[in-house]
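Subject: Structure handover

Hello,

Here is the structure we talked about, with its sequence. My notes on what turned up follow below.

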Amino acid sequence: MINKILVANRGEIAIRVMRAARESGIATVAVYSEADKDSLFVKYGDEAYCIGPASARESYLNIPSIIKVAKTFGADAIHPGYGFLAENADFARVCEKEGIIFIGPSSQALELVGNKTHAREAAQAAGVPVVPGINQCSDLAEIEIEVEKIGYPVIIKPSDGGGGIGMQVVNRKNELKRSLEMSSTIASRAFGKGDVYIEKYLQHPRHIEVQVLADCHGNVVHLCERECSIQRMHNKLVEEAPSPIVTPEIRAEMGRMAVDFARKIDYRGAGTVEFIYCEERFYFIEMNARVQVEHTVTEMVTGVDIIKEQLRIASGLPLSIAQEEVKINGWSIECRINAEDPFNNFAPSPGALKAYRSPGGIGIRVDSGVYNGFVISPYYHPMISKLIAWGRDRDEVIARMKRALYEYIIVGVKTNIILHKAIMENPRFVSGDLYTDFLSLEKDLTQDMLQIQERDRASVERLKETFKFIS
Ligand code: MV4
């Protein structure tokens, strides 16, 4: 059993974990950088210790400091959240050696899925469809012959990478050599290893992922899919569950594939199996071995508390639900509300929230670590909150999200709320016609944003007036 969890993260996800811990009767320890000393998550922890200066490297990535706090103050488990150390196999291994429970998969599983080529091979071995491609890149002449068989365009991906870094699309033979070198160089610099692999490049794909949970008693379940196609430069902006195009038959098939993959690699914990969906087929691309930002939409439609399941699994308990009990109820959408300027290439807009009031009412959930007067730090990703709506169907949840975006009062920093309003009103989005290049291809979104801004100016100003006596 776990008595005390050290939460090795910050912001909304630290609070999310602390909430699940409190409901489970488990104490928490917050660790924070100097930049985060006034953050809410520091107060949500039963104890809190400063582990270093503002830079992530010297605080949230500082393995020795985090382990030292855990040992000194008697934390028997560490939850890494997402980002930072969440998928770091070395960190998981240190925890294992020190006798601290890492709330996540084993270091071996992290190592396996951290290498995308190995993950691809495991998927193939589990009978899960992968994109046609080449796992081993040898000499150029051989690669050229293999690529010719697959057909251009192809995409070169770093084996040990993530987040789209170092990926190169190749349209013809004479670009292949240069792109291989480019991808490998970027990969070496970013991930310390220059290995790459090649896949057929699928155009206008949808990004659909399946949430899985696996305990240490051999139980593996999937919690259905999320559609995460609306993204900008590999940063997801809007996610939803279920996916508008997934039928019950495809859902059952994708779910079975995700579970088969998790079983094949002896996975334990919460994880996400990522697929790309293109021309009515889906293909495995990789596994995310952590709880994700967008786990919330799955929670809203299944009623399962994914973090509490993580805590059960880490304690050695069986999952609280069986596959037959997983049912989708209604629809959920998440909008990531960032402090950034949608009219200036999404430049971060850190600073003080001079006025802040988040929406509420039926079907609305706001996961956030901010409050009125809080200062958004320039040192980390400028996410203000995750605004999550639930409705009985997609039309109701979109209407509810629009209503919540209307209610949101944020003064002092620029935000992407106007972009979310434009997306919620976009005919393509409303019809469920989503794909990963949605934002780059919808050329008139800026025009839409300007129009919506003019249309809503008076009502936005009326709401902001509420705060005029305070600031
Ligand atoms: C692809 C692809 C097209 N074809 N693979 C980018 C991030 C990584 N997780 C997978 N990525 C892609 N892999 C093949 N064979 C297009 C993308 C891609 C993408 C995927 C998911 C979400 C957003 C994306 C944005 C651009 C490209």
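Arg-226 is buried, at a relative accessible area of 0%. Glu-209 is buried as well, also at 0% relative accessibility. (Buried means under 20% relative accessible area, exposed over 50%, partly exposed in between, with a 1.4 Å probe and protein chains only.) The two residues form a salt bridge, with the closest N and O atoms 2.9 Å apart. A salt bridge here is a side-chain nitrogen of Lys or Arg within 4 Å of a carboxyl oxygen of Asp or Glu. Arg-226 sits in strand E11 (residues 220-232) and Glu-209 in strand E10, 17 residues apart.

Please note that this is a predicted model: local features need pLDDT of at least 70 and side-chain atom pairs count only at pLDDT 80 or more, while totals for chains, interfaces and linings use all residues. Residues are numbered from 1 along each chain as its sequence is written, and side-chain values use heavy atoms, leaving out hydrogens and water.

Shared partners join Glu-209, Arg-226, Lys-236, Glu-239, Glu-294, Glu-334 and Arg-336 into one network. Glu-240 and Arg-394 also meet in a salt bridge, at 2.8 Å from N to O. Both of these residues are buried. Glu-240 is in strand E12 (residues 235-241) and Arg-394 in helix H12 (residues 394-407), 154 residues apart.

Arg-93 and Asp-90 pair at 3.2 Å, N to O. They are three residues apart in helix H4 (residues 89-98), so about one helical turn separates them. Arg-93 is partly exposed at 26% relative accessibility. Asp-90 is partly exposed too, at 45%.

The sheet

Eight strands form an open antiparallel sheet, in the order E14-E13-E10-E11-E12-E15-E22-E20. Its edges are E14 (281-288) and E20 (364-368), each pairing on one side only. Helices (H or I, at least four residues) and strands (E, at least two) are DSSP runs, numbered from the N terminus. Two strands pair if DSSP finds at least two bridges between them. E10 (residues 206-214) and E13 (residues 269-278) are joined by nine bridges. There, Arg-206 stands opposite Tyr-277 in E13.

The ligand

- Lys-157: 2.9 Å, from an N or O atom in the side chain.
- Lys-200: 2.7 Å, from a backbone N or O atom.
- Glu-286: 3.3 Å, from an N or O atom in the side chain.

Backbone points

Most residues other than glycine have a negative phi, and most peptide bonds are trans. Here are some exceptions. The peptide bond from Tyr-152 to Pro-153 is cis, with omega near -5°. Pro-153 lies in the loop between helix H7 (140-150) and strand E7 (154-158). The bond from Ala-241 to Pro-242 is cis as well, again with omega near -5°. Pro-242 is in the loop between E12 and helix H9 (248-264).

Phe-84 is not a glycine, yet its phi is positive, at about 40°. It is partly exposed, at 30% relative accessibility. Met-233 has a positive phi near 50°. Met-233 is found in the loop between E11 and E12 and is exposed, with a relative accessible area of 63%.

Best wishes

Terms used: Polar contact = N/O pair within 3.5 Å; in protein donor to acceptor, adjacent residues only side chain to side chain.
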